[in-house]
Amino acid sequence: MEIVKKEERKVDSVELVEKYLKDESYRDALIIQSDILGLSRNFLHDKGFIEYLPVIVSTITDPLNKDVFEAQIDYYGYKYYITKSMIVQKQVGILVHDKIFSFSPNLRLEREEKAQSGRHLIDFVQLDLEVKNAKRNDIMDLMEDLIIYVIKNIIQTYPNLIRKYHPTLKIPNKPFSKISVKEAKKIYGDDYERILSEKATEPVWLIDMPIEEREFYDKQNPFEPDTLLDFDLIYPEGFGESISGGEREYEYEQIVKRIKLKGNNLENYDDYLKIAKKGYLQPSAGCGIGIERFTRYILGLEHIEKTRLFAKIPGKFSI
Ligand code: ASN
């Protein structure tokens with residue numbers, strides 16, 4: 001794919017700084033975000049998780065099941081990818097410690113149409129975690145507790161900010177409801193994700209993605225082979241997708257089959273496949289939750305751009 005530069009877009013650095021100083025919603029969002037980071041970190045430490053530093057450049061990265069431009073760098077003739085997610089690194093990570101997480105910066109060069117969604121940035125951070133021998137339900141249960149813990153604490157600590165920005169924000173009730181993609185499509189049609197989010201008043205799990213719609217690493221359901229043992233969490237009130245995750249493929253033959261099924265190039269996964277072939281990979285499950293989206297949801301912000309400084313909106317040039 002070729003990136004077409006449509007026009008010269010001038011960004012004035014002084015104007016940008018003045019915007020940050022004038023509009024207090026940037027300052028408020030950063031206060032909330034700082035607490036989201038601290039609370040999530042404490043929550044996971046208490047559950048015995050080890051925090052890893054993120055991997056930002058690698059020879060392998062998530063192929064992603066979507067249309068993004070490739071982000072590669074050339075270093076002394078070697079090719080590195082900028083990480084789109086740490087999924088393969090997490091699968092190796094759990095061989096060293098059973099429960100791991102990372103605040104992982106990801107670069108996804110999304111198409112400009114995504115700017116309108118209000119929830120896409122090309123440079124964002126996800127809290128990415130993985131647990132050895134865990135099942136899908138273990139991770140969903142963990143994330144429900146994490147979200148409840150974070151929202152509860154933030155409402156208690158910053159009642160005035162919540163009243164000002166998102167007065168309808170509630171502490172969600174556990175367990176969150178679940179709906180399969182098949183069922184959601186039947187009820188809401190092809191635009192099920194958007195409609196589900198708009199109708200919901202509490203977060204909802206969307207489960208059992210069709211195999212052709214997701215990446216090779218989410219585990220195929222042996223009892224329903226056209227679906228995966230995975231999930232997304234959808235925020236209510238139209239705030240859209242929050243989390244994606246699932247159980248993982250870890251057996252060499254199955255991984256090869258899945259990479260081929262997606263039409264991905266096996267050679268791109270050489271380093272990963274070697275590890276799988278040796279039998280080192282283990283069963284695991286995990287997920288990632290976008291930090292800027294979590295901030296946006298808690299404050300009920302119109303656009304995710306408000307949740308960080310130097311935000312990069314799809315298709316736009318910025319500092
Ligand atoms: N972090 C996600 C996961 O663990 C993968 C992703 O970001 N695409 O499943």
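In the contact between helices H6 and H7, Val181, Ala184, Lys185 and Tyr188 of H6 meet Tyr192, Ile195, Leu196 and Lys199 of H7, where contact means heavy atoms within 4.5 Å. Helices here are DSSP runs (H or I, at least four residues), strands are E runs of at least two, and both are numbered from the N terminus. This is a predicted model: local features need pLDDT of at least 70 and side-chain atom pairs count only at pLDDT 80 or more, whereas totals for chains, interfaces and linings use all residues. Residues are numbered from 1 along each chain as its sequence is written, and side-chain values use heavy atoms, with hydrogens and water left out.

By class, the contact of H6 with H7 has six nonpolar, no polar and two charged residues. Nonpolar covers Ala, Val, Leu, Ile, Met, Phe, Trp, Tyr, Cys and Pro; charged covers Asp, Glu, Lys and Arg; the others, Gly among them, are polar. H6 (residues 181-188) and H7 (residues 192-199) pack at about 80°, with axes 9 Å apart. Axes are lines fitted to C-alpha atoms, for helices over the stretch in contact, and angles run from 0 to 180 degrees between N-to-C directions. H6 and H7 are therefore roughly perpendicular; that term covers 65 to 115 degrees, with under 35 roughly parallel, over 145 roughly antiparallel and the rest oblique.

A second pair is H8 (residues 252-261) and H9 (residues 270-277), whose axes come within 8 Å and cross at roughly 150°. That makes H8 roughly antiparallel to H9. Tyr252, Ile255, Val256 and Ile259 of H8 make the contact with Tyr272, Leu273, Ala276 and Lys277 of H9. Its residues divide into seven nonpolar, no polar and one charged.

I turn to the sheet. Three strands form an open sheet in the order E2-E4-E3, with antiparallel pairing; pairing requires at least two DSSP bridges. E2 (57-58) and E3 (72-75) each have a single partner strand, so one side of each is left without a neighbour in the sheet. Between E2 and E4 (residues 78-82) there are two bridges, and Val57 stands opposite Ile82 in E4.

Finally, which residues line the largest cavity? They are Tyr52, Met86, Gln89, Lys90, Ile100, Phe101, Ser102 and Asp128. Helix H3 (87-96) and strand E5 (99-107) are the elements that give two or more residues to this lining, and E5 gives the most, with three.

Technical notes
1 Å grid on protein atoms, 1.4 Å probe; cavity = no way out; pocket = protein on both sides within 12 Å on 5 of 7 lines; lining within 4 Å.
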